[in-house]
Amino acid sequence: MKFAIVILNWNGEALLERYLPLVVQYSGNADIYVADNASTDGSVAFVKKNYPSVNLIQNSSNYGFAKGYNDALKQVDADIYCLLNSDVEVTPGWLEPIKEAFLKIPEASIIQPKILDLLRRDYFEYAGAAGGFLDQFGYPFCRGRIFQTIEKDEGQYDDTTEVFWATGASMFVKSDVFHDLGGFDEDYFAHQEEVDLCWRAQNKGLKVYCVGGSHVYHLGGSTLSNMNPKKTFLNFRNSLYSITKNLPRKKAFPIIIVRLFLDGIAAIRFILQLKPVHCLAIIKAHLSYYRHFGKMYKKREKANFITMYHITKSIVWSYFVDHVKNFNILVKD
């Protein structure tokens, strides 16, 4: 298998200076690419001067995560793409367990390593942790992270196991699968496009795994922090996009109605927390979703909807009412 590590960059010269050397050092014979989204800082010059062995792809504009990767990956020849955030610190031997999993599990089409927090290195990181799931109303969460509660890494997720979605912070995907799926949905721009990609893969009978024997450290928040209102907008809107696109009508429409109520509660909660900009972001997310509903509906899969896509309970109820904040406790209840 030919691996290519592709780092999407936008004005991240400082991140490239810090983390690219380790990618080069620890990635063996994998080809390494920096796909630049029309940065205005010194990113391109830095790569050209200091890493001539690293392939440089220059997109003509800042296309965000989805289109930025879609355009860049058309220029990359590999069997396996590794989509790697520019703020990820890789570790010695990180690729070997991933390669082994692709060889031993033929049905695995998308894989992520264990994602730990760069600043608190014995804790999981928000964006992906040890693999993602959805609850019955389409809210995403992870092994190791439910909403803002982050678990300490004590080896509890060092297994290789099937998950529902893999994080875009460090995602390995078979190149033919990525292109057969049409890549990321560019209407998402950023955030949760990896959930949608994995969902579309699952609808075609493909499998997603987390390989806990491999781990990397993610700084996180380099583009948008977890509590940036723009991120709130994108997360709430794009989650509704995915439900509309990837579920049968008889399941999608009741969930959307419930989400209108639950997202409203989340908006009120932000007001009580004196965060009105996040309340406004949720309102804008719904307005944008309703405005683009027809377009999303036309993108729906025509057949082969999976019958089970979630853990059969509400993560909102479990977390806020039952105070369950640990993944292993959640799945045992």
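Contact here means heavy atoms within 4.5 Å. With that in hand, here's a quick tour of this predicted model. We'll look at a mostly covered helix, α3, then at α7 and α8, whose axes come within 10 Å, and finish with the largest nonpolar core, which has 81 residues.

**Helix α3**
- Helix α3 runs over residues 64-73, and nine of its 10 residues are buried.
- The buried ones are G64, F65, A66, G68, Y69, N70, D71, A72 and L73.
- On the strand side of things, the buried residues of α3 pack against β1 (3-9), β2 (31-37), β3 (55-59) and β4 (80-85).
- They also pack against two helices, α5 (175-180) and α6 (193-203).

**The α7 and α8 pair**
- Helix α7 covers residues 229-246 and helix α8 covers 249-272; their axes cross at roughly 170 degrees.
- Angles over 145 degrees count as roughly antiparallel, so that's what α7 is to α8.
- From α7, the contact uses T232, F236, S239, L240, I243 and T244.
- α8 answers with A252, I255, I256, R259, D263, A266 and F270.
- Sort that contact by class and you get eight nonpolar, three polar and two charged residues.

**Nonpolar cores**
- In the largest core, V76, I110 and F184 have the most contacts inside it.
- Leaving out residues up to four places away in sequence, V76 touches A4, V6, Y33, I57 and Y81.
- Another core, of 32 residues, lies apart from the largest one; I7, Y51, I80 and W94 are among its members.

Notes
Residues are numbered from 1 along each chain as its sequence is written. This is a predicted model: local features need pLDDT of at least 70, side-chain atom pairs count only at pLDDT 80 or more; totals for chains, interfaces and linings use all residues. Side-chain values use heavy atoms; hydrogens and water are left out. Buried means under 20% relative accessible area, exposed over 50%, partly exposed in between (1.4 Å probe, protein chains only). Helices (H or I, at least four residues) and strands (E, at least two) are DSSP runs, numbered from the N terminus. Axes are lines fitted to C-alpha atoms, for helices over the stretch in contact, and angles run from 0 to 180 degrees between N-to-C directions. Angles under 35 degrees count as roughly parallel, over 145 as roughly antiparallel, 65 to 115 as roughly perpendicular and the rest as oblique. Ala, Val, Leu, Ile, Met, Phe, Trp, Tyr, Cys and Pro count as nonpolar, Asp, Glu, Lys and Arg as charged, and the others, Gly among them, as polar. A nonpolar core is a set of buried Ala, Val, Leu, Ile, Met, Phe, Trp, Tyr and Cys residues joined through side-chain atoms within 4.5 Å.
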